[in-house]
Amino acid sequence: MQVAIEGPWSPLFGRLTLDAIPYNNPIIVPTFIVAALAGLVAVGAVLYYKKLGYIWREWLCSVDHKKIGVMYIILGLVMLFRGYADGLMIRTQQAIAIGPNSPGFLGAKHGYLPPFHFDQIYSAHGTIMLIFAATPLLTGLGNVIVPLQIGARDMAFPYLNATSLWLTFAGAALVMISLFVGEFSSATWVGLMPYSEMASNPGVGVDYWMWAIQISSIGTTFNSINIIATIVKMRAPGMTWFKLPVFSWVQLTTAIIGLTAFPILTVALTMLGIDRYLGTHFFTAGMGGNFMLYINLFWIWGHPEVYFLVLPAFGVLSEVVPAFSRKALFGYPTMVAASFSIAGIGWMVWAHHFFTMGMGPNQIGFFSAATMIVGIPTGVKAFNWLFTMYRGRISYETPMLWAMISIVLLLIGGLTGMMLSASVIDYSVHDSVFVVAHFHCMVLVIGASAFAAVIFWWPKVFGFKLNETLGKWFFWTFIAGSLLVFVPMFMAGLAGETRRLDYVFNTALAPYMLWEEVGVLVYLASIFFFVAMLVVSLWQRVPAGESPWGTERGLEWLTRTPVPFYNFAVTPHVNALDETSWRREVGAALRPTRYVPIHLPHGSGLPFILGMDVFAWGFALTWRIDWLIVLTTIAMIAIVFIRSFDRNEGFIIPAEEVEAYEANISTASIFAEQPKRGHGLVGEAH
Amino acid sequence: MRVLGLVALLAPLMLAGCSVHDMVLFFPAGPMAASELHYTYLITGIMMVIIVPTLLMSIWFPIKYHISRQHKEKYTPDWTFSYAIEVLAWGIPLGIVAVLAWLSVHGIRGIDPWNPPLLAKIAPNAPVEEVDVIATDWQWVFIYPAEKLVTIDELTIPAGARIDLKLTATQNMDGFYIPQVAPMVDAMPAMQTKDTFLVSQPGDFTGFSTDFSGAGFSWMRFAVHAVSTADFAAWVQSHQGAAPLDYAAFDAHIAQPQVNYGATPSYFTLTDPKLFGEVISAAQMGKTYPVSQALNKAVADDDAAPVAGAQ
């Protein structure tokens with residue numbers, strides 16, 4: 001049944017042999033030692049402080065949307081660091097390997113990485129940054145904030161929510177283990193076709209890439225279903241559609257994109273999988289295959305995916321800019337319209353990713369014009385943020401600094417994006433590093449907004465603020481690094497440097513490469529300040545009070561701070577778009593005076609176990625270990641079966657207990673351990 | 001902060017290294033690239049109409065309305081909508097996009113690489129030189145059907161002539177690109193694309209692959225020599241009698257995955273006029289040139305065995 005594969009195969013271990021472990025690689029071995037030591041320290045600390053039970057019950061088994069969101073964000077930050085390490089290695093290779101006389105180290109002819117390693121590194125960089133860093137960061141933010149902004153107890157499907165998280169986690173774990181067992185794909189994050197087929201890629205790298213994305217994108221699809229159901233069905237009484245905060249609006253548009261676009265990727269990758277495992281010819285060049293079909297399918301997902309990432313960032317800006325301008329968001333209805341326009345037009349622009357693949361001028365003209373149209377609603381958003389600042393009272397707290405630089409980066413990214421959408425310009429810079437610099441500008445918008453959001457909502461979740469001084473150091477070093485990397489990269493693009501070069505033959509590019517190397521090293525300083533900010537803030541834990549910024553506007557600030565595990569003690573009635581600031585202005589009560597019992601779902605270990613099982617399934621498929629594929633598939637079905645007969649309907653917190661929590665809010669915080677609660681519903685709940 | 005200090009020290013040194021002449025896209029050597037540059041200026045210039053004021057606003061507003069100036073500036077916390085501003089916020093981008101989209105469509109129709117009206121207008125009587133291009137893993141093969149000549153990693157062309165390229169690839173997609181001269185067009189296995197250009201004056205350029213195709217991709221460059229018509233004839237003459245090349249020889253040697261690290265050119269006599277078509281049909285019939293993991297690992301790795309056919 002299987003196609004012919006290169007190298008040995010055994011029934012017990014599949015393609016896995018001792019040679020798959022790069023024990024003689026001078027870069028991977030130290031990385032492994034450091035990672036293993038860090039892992040041992042973490043596990044040791046958990047065991048030493050006897051926190052294993054706590055972590056299992058309160059985190060791994062949690063179905064609380066806030067904890068799931070926080071775990072998403074932690075995953076995103078860890079993968080962001082891994083992605084940065086890849087970026088540092090890419091830049092260092094290109095800074096050394098310039099021209100025929102450039103030195104070679106560690107066995108490489110030029111630089112220190114032969115193409116076999118270099119190609120895996122930039123493929124991992126792209127895959128990780130988009131799928132396993134940006135996506136979890138933004139999904140996590142949506143998870144934490146959306147139920148709070150709409151006045152809900154939790155997501156519509158808390159158990160499905162945990163399943164989404166652990167599927168994403170399983171995908172990320174596959175990417176990470178590819179570093180130490182076997183290899184990663186060299187076919188870039190998009191999976192170049194027919195290059196990803198067996199003829200050019202007989203190793204396991206593409207399989208790792210394919211299953212990692214496949215698994216995590218199923219998690220993302222689930223999460224989109226969850227967000228849509230939550231926003232449509234679970235808004236607090238009084239919250240009409242036009243009292244829905246913009247961040248929740250963009251989460252809805254994003255989830256619609258996620259629900260409709262990700263299945264296309266699932267189909268495309270499944271077809272690629274059938275090609276690679278059963279020897280069909282969907283995407284091969286010959287035998288009736290059509291690799292253009294893959295390229296179309298991939299980008300029909302891939303371009304909406306770009307807006308899937310950037311729209312939540314726009315949503316963050318629409319929350320942060322008003323807060324620190326002490327002024328309501330300008331042009332709320334057109335902001336909503338613009339979000340839906342971007343999401344809609346995002347479906348009609350995919351072919352601009354392959355303008356140079358022989359399309360006729362009429363098709364190119366259509367996709368070029370369609371791409372430019374995206375610029376209209378995006379421009380509207382920029383103007384609305386600027387007019388939110390106009391006649392406001394602006395202060396420069398760190399979230400606002402990140403928001404302001406996001407707008408500037410959006411303008412640079414927008415300018416270069418418009419240039420690239422004009423295919424006549426694209427013919428000279430398509431596939432050059434000019435494009436790379438352009439989309440890094442856009443993902444920096446996403447990154448900067450994510451940092452703004454994390455810092456802005458941090459006290460809401462944890463009850464203390466992040467250190468502002470270190471936060472500002474983090475900001476300025478990050479911006480300095482970005483300028484030093486991406487300004488020379490734009491220039492190198494105009495000098496005709498193409499993407500994905502292991503070896504740069506044009507020696508005139510040397511100064512640009514050195515500038516970029518300096519920039520990428522400055523990022524190291526920003527990582528230091530970021531970690532310092534986290535450590536110092538966690539150490540000090542200065543209570544933030546009920547109004548940490550003094551300028552909060554939305555419904556999410558109506559809960560106690562830190563937010564208790566049941567969110568709102570009593571589901572609020574919503575009167576205005578900016579409910580908290582409205583209540584402050586009219587002098588309405590911010591807190592309930594009478595409490596009622598609360599119904600919450602029980603935690604469950606099954607999503608975590610399912611995630612681990614799916615990880616083993618992906619690993620077995622990658623290495624073609626047939627018995628393990630069968631075993632893990634059966635386990636998956638069994639887990640779903642067990643869950644289907646789970647009659648546990650959650651638990652009730654009596655009104656007096658809610659009152660006690662509200663009186664001493666730290667006992668209900670995200671860190672607090674909750675008592676074991678009985679099964680079954682007793683009494684009336686709200 | 002030592003890192004920032006180092007930056008300050010290195011900055012003048014490294015700035016001196018950058019030269020505007022490195023940015024070759026600003027120095028086109030033929031009408032196709034000149035047209036691309038023309039539209040780059042035009043479209044960027046029009047974008048500045050909206051980018052510059054917006055950028056100024058995004059810097060000026062946070063300064064002007066900073067909380068420290070609250071006693072000097074107006075504060076309108078409830079001012080959230082204005083039809084006039086919204087009409088402008090949608091209208092100005094709409095107008096600019098309309099102009100840019102028209103320019104983009106107009107521009108791309110002018111330089112359509114299949115048959116550019118631009119060249120027909122500028123040089124209607126330019127002689128036509130046909131070259132067929134095959135991207136292998138990882139070399140460029142140029143076939144001159146009229147001259148019965150095949151070169152590897154060297155494209156010599158008469159200046160002032162219209163160069164009609166047909167492109168394909170043996171196994172993977174590559175991007176054919178000569179900055180300053182020819183638009184970027186992909187060479188795709190089992191398919192044929194076209195690129196057309198004209199080099200105005202004799203000169204030397206470098207072309208390379210822009211679309212990643214595997215371990216040897218970084219070394220896929222080729223020399224481009226635009227020479228006078230007389231020199232071109234002399235160049236063709238000088239390579240008469242080179243080793244013969246038919247499909248069998250191409251399949252057995254040239255098309256096998258290999259890296260030409262120095263991009264050293266080589267020359268053959270074309271004995272099979274259908275070679276280009278045969279490469280496309282073979283790919284359509286499922287012909288591949290498998291790249292083993294051992295070969296992938298060996299490219300540019302001093303510790304590994306040398307790559308087959310490497311020079």
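Okay, B:Tyr177: its bridge partner in β9(B) is B:Phe208. That sits in the pairing of strand β6 (residues 174-178) of chain B with strand β9 (residues 203-209) of chain B, which is antiparallel over 2 bridges. For the cut-offs, strands are DSSP runs of E with at least two residues, and helices are H or I runs of at least four, numbered from the N terminus; two strands pair if DSSP finds at least two bridges between them.

Quick housekeeping: this is a predicted model, where local features need pLDDT of at least 70 and side-chain atom pairs count only at pLDDT 80 or more, while totals for chains, interfaces and linings use all residues. Residues are numbered from 1 along each chain as its sequence is written, and chains are lettered from A and ligands numbered from 1 in the order written.

Back to β9(B): this strand also pairs with strand β10 (residues 221-227) of chain B, antiparallel over 6 bridges. There, B:Gly203 has B:Ala226 in β10(B) as its bridge partner.

Now, how many residues of chain A are in contact with chain B? It's 91, against 98 residues of chain B, with contact meaning C-beta atoms, placed from the backbone, within 7 Å. On the chain A side, the largest share comes from α10(A), with 17 residues. By class, that side has 57 nonpolar, 24 polar and 10 charged residues. Here Ala, Val, Leu, Ile, Met, Phe, Trp, Tyr, Cys and Pro count as nonpolar, Asp, Glu, Lys and Arg as charged, and the others, Gly among them, as polar.

Notes: Contact = placed C-beta atoms within 7 Å.
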